[in-house]
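User: I am new to this structure and would like to learn how to read its features. Please take them one at a time.

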Amino acid sequence: MKLVSVAEAAANENNLTGEDYVRIGEMAKKYSVTLRTLRFYEDKGLLNPKREGSTRLYTRRDRARLKLILLGRKVGFSLRDVKQMIDLYDPSGTNSKQLRLTIDKSEKQLGRLQKQRQLLDEAIDELTNHMTVVRQLLADRAAPQVSAAG
């Protein structure tokens with residue numbers, strides 16, 4: 001199986017044979033998304049499958065775009081951000097603008113994720129400390145009471 005870069009996939013979009021198309025059900029299964037998700041991405045202009053009647057046929061370009069969409073969503077980018085980055089791709093250009101925008105958005109997102117990690121670490125520490133106190137209270141109450149009058 002030959003791995004194709006996003007650039008190659010987009011460049012080869014016009015050189016497709018029948019076997020390079022994937023139906024919506026296969027696409028959904030391969031990428032573990034719902035049919036509704038694929039239609040939603042199409043409605044938002046992120047994917048543009050070919051139509052044969054009511055059948056959606058996805059090209060290698062669509063598959064490459066879906067991989068980028070899913071990666072972007074996984075790291076917390078909005079669909080708007082993902083679309084901005086993907087839409088700047090030009091198979092015949094240097095894509096410097098796309099790459100600069102991607103770095104800029106990625107740096108900002110990394111900062112947000114690091115802040116979230118810090119807040120999560122603080123919350124975990126607080127919860128862990130609270131659980132220690134509660135466990136000690138429970139152990140104190142479960143221990144046999146020694147009578148002071150003895």
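**Two helices in contact**

User: Which residues of α2 meet Leu35, Leu38 and Arg39 in α3?

Analyst: Contact means heavy atoms within 4.5 Å. On the α2 side, Ile24, Gly25, Met27 and Ala28 meet those three residues of α3. This is a predicted model, where local features need pLDDT of at least 70 and side-chain atom pairs count only at pLDDT 80 or more, while totals for chains, interfaces and linings use all residues. Residues are numbered from 1 along each chain as its sequence is written, and side-chain values use heavy atoms, with hydrogens and water left out.

User: How do the residues of that contact divide into nonpolar, polar and charged?

Analyst: Ala, Val, Leu, Ile, Met, Phe, Trp, Tyr, Cys and Pro count as nonpolar; Asp, Glu, Lys and Arg count as charged; the others, Gly among them, count as polar. The contact of α2 with α3 has five nonpolar residues, one polar and one charged.

User: What are the helices themselves, and at what angle do α2 and α3 pack?

Analyst: Helices (H or I, at least four residues) and strands (E, at least two) are DSSP runs, numbered from the N terminus. For the angle, axes are lines fitted to C-alpha atoms, for helices over the stretch in contact, and the value runs from 0 to 180 degrees between N-to-C directions. Helix α2 spans residues 24–31 and helix α3 spans residues 35–43; their axes are 9 Å apart, at an angle of about 105 degrees. Under 35 degrees counts as roughly parallel, over 145 as roughly antiparallel, 65 to 115 as roughly perpendicular, and the rest as oblique. The pair α2 and α3 is therefore roughly perpendicular.

User: How do I read the buried side of a helix?

Analyst: An α-helix has 3.6 residues a turn, so residues three or four places apart point the same way. Buried means under 20% relative accessible area, exposed over 50%, and partly exposed in between (1.4 Å probe, protein chains only). In α2 the buried residues are Ile24, Met27, Ala28 and Tyr31. Down the axis of α2 they fall within an arc of 95 degrees, so they line one face of the helix; the arc is that of the directions from the helix axis to the C-beta atoms. Exposed Lys29 and Lys30 sit on the face of α2 turned away from its buried side. The cover over the buried residues of α2 includes β1, α3, β3 and α4.

User: Which residues of α3 are buried?

Analyst: Leu38, Tyr41 and Glu42 are the buried residues of α3. Their arc down the axis of α3 is 105 degrees, so they too line one face. Arg36 and Asp43 are exposed on the other side of α3. The buried residues of α3 pack against α2, β2, β3, α4 (60–74) and α5 (79–87).

User: Is Glu42 buried or exposed, and what does Glu42 touch?

Analyst: Glu42 counts as buried because its relative accessibility is 16%. Apart from neighbours within four places in sequence, Glu42 is in contact with Leu47, Pro49, Arg51, Arg56 and Tyr58. Glu42 and Asp62, 20 residues apart in sequence, are 9.9 Å apart from C-alpha to C-alpha.

User: What follows each of these two helices?

Analyst: Ser32 follows α2 and has a positive phi, near 55 degrees.

User: How many residues lie between β2 and β3 in their hairpin?

Analyst: The hairpin has two residues between its strands, and Gly53 in the turn has a positive phi of about 70 degrees.

How values were computed:
Pairing = 2+ DSSP bridges.
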